[in-house]
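Here is a short report for a reader meeting this structure for the first time. Have the sequence and the model at hand.

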Amino acid sequence: FSLSLGPLAVRDEGHYDCIIMHGGSGEVQHTRVQLEIAANSTPPEIKVETIRPGLVLLSCVTDRGYPMPAVNWTSAEGLNVSASATEPRRDPDTGLWRVTSSTRVSAHAHGSYTCTVTNTRSGHSDTVVWRAVNIPDPTKPSGQRGLGTAGIAVTSVLLVCLSLCVLVFWIKWFRNRRGSSTIVQEGGTEREKMDTDAV
């Protein structure tokens with residue numbers, strides 16, 4: 001005998017009894033099967049909210065998992081980071097879980113924080129990493145935040161090129177004034193006469 005179920009849903013989880021009765025002997029055979037459902041959550045996403053300059057709230061969000069997934073935070077050094085809040089919500093129709101785990105971290109520590117979501121039944125896990133360098137320092141003026149090393153280098157090159165162009169133009173203009181000549185007709189002969197300004 002066989003029992004086919006599908007597509008499976010959370011409500012299908014539970015005990016299933018198979019009972020076989022032998023007519024001639026009246027013997028009854030009974031077997032119980034436990035069906036467990038596992039649904040891997042969606043890949044986690046990290047949302048960032050600035051609490052105050054230098055401090056941010058990281059929220060790791062995952063959805064549509066069953067049973068309720070385990071969410072853990074770790075630092076770049078592999079140390080566990082405590083969550084300041086965990087908010088699980090279960091969909092009343094599907095029975096699937098949505099979990100939001102939050103933690104407060106420094107925005108300018110130049111480190112990284114990893115959120116790991118694990119299905120404790122299937123063993124499947126997903127991770128997402130947030131790096132502190134993604135957040136600019138709000139205490140600095142916007143001009144300082146936008147002008148990095150590359151911007152300074154490009155600006156310097158442009159200034160040097162502009163200076164060289166001006167210098168070359170001035171040298172050519174000065175030489176043209178010193179070396180310019182005028183052809184003057186006198187009595188059917190030609191001679192060169194330097195400009196009065198150049199003498």
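## A predicted model

This is a predicted model. Keep that in mind when reading each value below.

## The sheet from β3 to β7

Start with an open sheet of four strands. Its order is β3-β4-β8-β7, and the pairing is antiparallel. The edge strands are β3, residues 45-52, and β7, residues 85-90. Each of these two pairs on one side only. Neighbouring strands in this sheet are turned against each other by 20 degrees on average, direction ignored.

Now look at β4 and β8. Strand β4 spans residues 55-65, and strand β8 spans residues 97-106. They pair in the antiparallel sense over nine bridges. Gly-65 has Trp-97 of β8 standing opposite. Strands of a sheet pair through backbone hydrogen bonds, either parallel or antiparallel.

## The sheet from β6 to β10

Another open sheet has four strands in the order β6-β5-β9-β10. Its pairing is antiparallel. β6 (80-81) and β10 stand at the edges with a single partner strand each, so one side of each has no neighbour in the sheet.

β9 and β10 pair over seven bridges, in the antiparallel sense. Within this pairing, Thr-114 has Val-129 in β10 as its bridge partner.

## Salt bridges

How many salt bridges does the model hold? The count comes to five.

One of them joins Arg-32 and Asp-17, with the closest N and O atoms 2.7 Å apart. Arg-32 lies in strand β2 (residues 28-35) and Asp-17 in strand β1 (residues 14-21), so the pair ties together parts that are 15 residues apart in sequence. Arg-32 is exposed, at 52% relative accessible area, because exposed means over 50%. Asp-17 is partly exposed, at 42%.

Another salt bridge links Glu-36 and Arg-121, at 3.9 Å from N to O. Glu-36 sits in the loop between β2 and β3, and Arg-121 in the loop between β9 (112-118) and β10 (125-131), so this pair connects parts that are 85 residues apart in sequence. Arg-121 counts as partly exposed, with 35% relative accessibility. Glu-36 and Arg-121 also belong to a network of salt bridges that includes Glu-13.

Glu-87 and Arg-89 form a salt bridge too. Their closest N and O atoms are 2.7 Å apart. Glu-87 is partly exposed at 37% relative accessibility, whereas Arg-89 is exposed at 53%.

## Asn-119 in its loop

Where is Asn-119 placed? Asn-119 is in the loop between β9 and β10. Arg-121 lies in that loop as well. Is Asn-119 buried or exposed? Its relative accessible area is 4%, and buried means under 20%, so Asn-119 counts as buried.

The side chain of Asn-119 makes polar contacts with backbone atoms. One reaches the backbone oxygen of Ala-39, at 3.0 Å. Another involves the backbone nitrogen of Arg-121, which lies 2.9 Å from a polar side-chain atom of Asn-119.

Which residues does Asn-119 contact, leaving aside its neighbours within four places in sequence? They are Ala-38, Ala-39, Asn-40, Tyr-66, Pro-67 and His-124.

## In brief

Note on methods. Residues numbered from 1 in each chain as written. Predicted model: local features only at pLDDT ≥ 70, side-chain atom pairs only at ≥ 80, totals over all residues. Heavy atoms only, no water. Pairing = 2+ DSSP bridges. Axes fitted to C-alpha atoms, helices over the stretch in contact; angles between N-to-C directions. Salt bridge = Lys/Arg side-chain N within 4 Å of Asp/Glu carboxyl O. Buried < 20%, exposed > 50% of the residue type's maximum accessible area, 1.4 Å probe, protein only. Polar contact = N/O pair within 3.5 Å; in protein donor to acceptor, adjacent residues only side chain to side chain. Contact = heavy atoms within 4.5 Å.
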